[in-house]
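Open the model in your viewer and get ready to select residues. This tour goes stop by stop.

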Amino acid sequence: LLRGGLSLRLFGMDIRDRRGARASRLRCAGRALILGSPLVAFVLALAVLPTSSGGVLAPLALALMAVFGLGLVWSVWSPTRGPHDLIAGTRLVPR
């Protein structure tokens, strides 16, 4: 509803699209979905898999840690735009 959430408003940030116009609510929702999808996939896998299948959970946890590790490397390599911003076609700008 707030196009980026309350935290961006508190920090004086706004989300813009490729042309510099305010990003639509749909584009902001897509950006949030891309950002949270690895964690949501992991939680859904935990909900679906039986608790006795520890042999499957370890690779899932390792894959999730790898995704977050790649995100950390990306943030050091390219601190201005995250992969979710590139995919969604958005950019964070000061208000």
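A polar contact is a pair of N or O atoms within 3.5 Å. Keep that cut-off in mind for the stops below. Note also that this is a predicted model.

**Stop 1: Thr90.** Select Thr90 in strand S2, residues 90-94. Is Thr90 buried or exposed? Thr90 is buried, because its relative accessible area is 1% and buried means under 20%. Now show the side chain of Asp85. The side chains of Thr90 and Asp85 make a polar contact at 2.7 Å. Next, display the residues in contact with Thr90 beyond four places in sequence; among them are Ile15, Arg16, Ala23 and Arg81.

**Stop 2: Arg16.** Move to Arg16, a contact of Thr90. Arg16 sits in strand S1, residues 13-17. Its relative accessible area is 26%, so Arg16 is partly exposed. Look at what its side chain reaches.

**Stop 3: the largest pocket.** From Arg16, go to Leu35, 19 residues away in sequence and 16 Å away in space, C-alpha to C-alpha. Leu35 is one of the residues nearest the centre of the largest pocket, along with Gly71, Gly82, Pro83 and His84. The pocket holds about 410 Å³ of space. Its lining has 20 residues: eleven nonpolar, seven polar and two charged. Colour helices H2, H3 and H4; each supplies at least two lining residues. Which helix gives the largest share? H3 does, with six residues.

Terms used: Residues are numbered from 1 along each chain as its sequence is written. This is a predicted model: local features need pLDDT of at least 70, side-chain atom pairs count only at pLDDT 80 or more; totals for chains, interfaces and linings use all residues. Side-chain values use heavy atoms; hydrogens and water are left out. Helices (H or I, at least four residues) and strands (E, at least two) are DSSP runs, numbered from the N terminus. Buried means under 20% relative accessible area, exposed over 50%, partly exposed in between (1.4 Å probe, protein chains only). A polar contact is a pair of N or O atoms within 3.5 Å; within protein, one must be able to donate a hydrogen and the other to accept it, and residues adjacent in sequence count only if both atoms are side-chain atoms. Contact means heavy atoms within 4.5 Å. On a 1 Å grid over the protein atoms alone, a cavity is a set of points where a 1.4 Å probe fits but cannot get out, and a pocket is an open set with protein on both sides within 12 Å along at least five of seven lines; lining residues have an atom within 4 Å of a point. Grid points are joined across faces, edges and corners, and a volume is the space filled by probe spheres set on the points. Ala, Val, Leu, Ile, Met, Phe, Trp, Tyr, Cys and Pro count as nonpolar, Asp, Glu, Lys and Arg as charged, and the others, Gly among them, as polar.
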